[in-house]
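Biologist: Hello! Could you walk me through this structure, one question at a time?

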Amino acid sequence: MMKRILVTGGAGFIGSHLCERLVNEGNDVICLDNFYTGSKENVWHLIGRPNFEIVRHDVCQPYWAEVDEIYNLACPASPVYYQNDPIQTTKTSVFGAYHMLGLARRTKCKILQTSTSEVYGDPSVHPQPESYWGNVNTIGIRSCYDEGKRCAETMFFDYHRQHNVRIKVIRIFNTYGPRMAQHDGRVVSNFIMQALRGEDITIYGDGHQTRSFQYVSDLIEGMIRMMNSGDDFLGPVNIGNPGEFTMLELAEKVIAMTGSKSKIVFRPLPSDDPKMRRPDISLAKEKLDWAPTVPLDEGLEKTIEYFKGTL
């Protein structure tokens with residue numbers, strides 16, 4: 001059965017992949033974006049499809065439509081963008097959640113919030129299960145994003161308890177793939193672009209801090225499974241790849257796969273940068289029968305090919 005689905009932040013890196021999957025499955029999709037970090041190029045191939053429409057709109061303002069489901073992705077997700085206008089970042093997370101929850105309440109539709117592994121802050125528990133409350137600095141340079149997303153989670157659960165809104169909350173861990181912005185400051189895009197241009201690869205800190213990387217198609221599968229799960233499972237649930245790599249390992253892998261002559265250089269670690277990040281995905285396996293399937297080498301190969309095409 002065709003559903004009418006609203007995707008906020010639909011022209012972003014992750015949002016565009018979600019819109020593409022939902023359109024290809026025959027749903028009627030409204031892509032809402034203010035193009036602060038999203039881009040029309042990401043959804044250009046969908047424009048003209050009869051079941052896809054794109055609307056320029058900022059979720060800090062209310063939006064009305066008759067829909068069956070809402071995926072709320074609107075918010076800059078890379079430090080370069082969210083630290084550029086931190087007040088707007090907090091407003092997007094909090095007011096965006098508020099307005100979309102109001103729409104979900106009015107239309108009695110199901111709504112999924114894309115929260116983030118950043119709610120765990122610089123974790124003192126490793127790997128991070130959903131039961132861990134986090135270690136977040138409330139007044140740091142990353143707080144606009146971390147606390148904005150934490151507040152949005154709070155609002156989602158309060159709307160569920162107070163107004164019976166049908167909510168779903170996922171926590172996304174580092175995701176990469178085609179359509180990442182070249183200059184978004186995320187480690188995968190940074191390393192690939194520097195390697196392809198033959199520039200020095202910049203590692204902040206000693207390179208031993210770790211991240212786990214999931215390919216974008218794995219994330220989209222997890223999001224859709226979460227949306228389609230029963231109303232008794234609200235989340236939050238971690239969606240990420242538990243394979244853990246140091247920054248140094250990732251840099252060396254990118255240099256080898258691109259055949260680059262880039263050298264690795266070290267810079268001071270930015271404030272509040274987490275030392276380690278790895279999801280415990282046992283809840284996603286149990287409740288959604290979900291686990292990532294794309295290995296890092298395969299995903300990096302596709303991502304490198306994409307960035308080659310943008311140069």
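**A residue inside a helix**

Modeller: Gladly! Isoleucine 192 lies in helix α6, where helices (H or I, at least four residues) and strands (E, at least two) are DSSP runs numbered from the N terminus. This is a predicted model, in which local features need pLDDT of at least 70, side-chain atom pairs count only at pLDDT 80 or more, and totals for chains, interfaces and linings use all residues. Residues are numbered from 1 along each chain as its sequence is written, and side-chain values use heavy atoms, with hydrogens and water left out.

Biologist: Is isoleucine 192 buried or exposed?

Modeller: We compare its relative accessible area with set limits: buried is under 20%, exposed is over 50%, and partly exposed is in between (1.4 Å probe, protein chains only). Isoleucine 192 has 0% relative accessibility, so it counts as buried.

Biologist: Which residues is isoleucine 192 in contact with, leaving aside its neighbours within four places in sequence?

Modeller: Contact means heavy atoms within 4.5 Å. There is also a C-alpha separation of 8.0 Å between isoleucine 192 and isoleucine 255, which are 63 residues apart along the chain. With neighbours within four places set aside, the contacts of isoleucine 192 are Val254, Leu300, Thr303, Ile304 and Phe307.

**The whole chain**

Biologist: How many helices and strands does the protein chain have?

Modeller: Here we look at the secondary structure of the protein chain. The count comes to 10 helices and 13 strands.

Biologist: What is the radius of gyration of the protein chain, and why does it agree with a compact globule?

Modeller: The radius is taken over C-alpha atoms, and the globule rule is 2.2 Å times the number of residues to the power 0.38. For 311 residues, a compact globule would come out near 19 Å, and this agrees with the radius of the protein chain, 19 Å.

Biologist: What percentage of the residues in the protein chain are buried?

Modeller: The C-alpha atoms fill a box of roughly 55 × 45 × 40 Å along the principal axes. Of the 311 residues in the protein chain, the buried share is 55%.

**Helix α1**

Biologist: How far apart are the end C-alpha atoms of helix α1?

Modeller: The expected span of a helix is 1.5 Å times one less than its number of residues. Helix α1 covers residues 13–24, so its 12 residues should span 16 Å, which agrees with the distance between its end C-alpha atoms, 17 Å.

Biologist: Why is α1 said to be largely enclosed, and which of its residues are buried?

Modeller: Nine of the 12 residues of α1 are buried, so the rest of the structure largely encloses this helix. They are Phe13, Ile14, Gly15, Ser16, His17, Leu18, Cys19, Leu22 and Val23.

Biologist: Which peptide bond has omega near 0°?

Modeller: Most residues other than glycine have a negative phi, and most peptide bonds are trans. Proline 236 lies in the loop between α7 (216–227) and β11 (237–239). The bond in question is cis and runs from glycine 235 to proline 236.

Biologist: Is arginine 179 buried or exposed?

Modeller: Arginine 179 sits in the loop between β7 (175–176) and α6 (187–196), with a positive phi near 80°. Its relative accessibility is 15%, so arginine 179 counts as buried.

Biologist: And aspartate 289, buried or exposed?

Modeller: Aspartate 289 is in the loop between α9 (282–288) and α10 (296–310), and has a positive phi of about 55°. At 62% relative accessibility, aspartate 289 counts as exposed.
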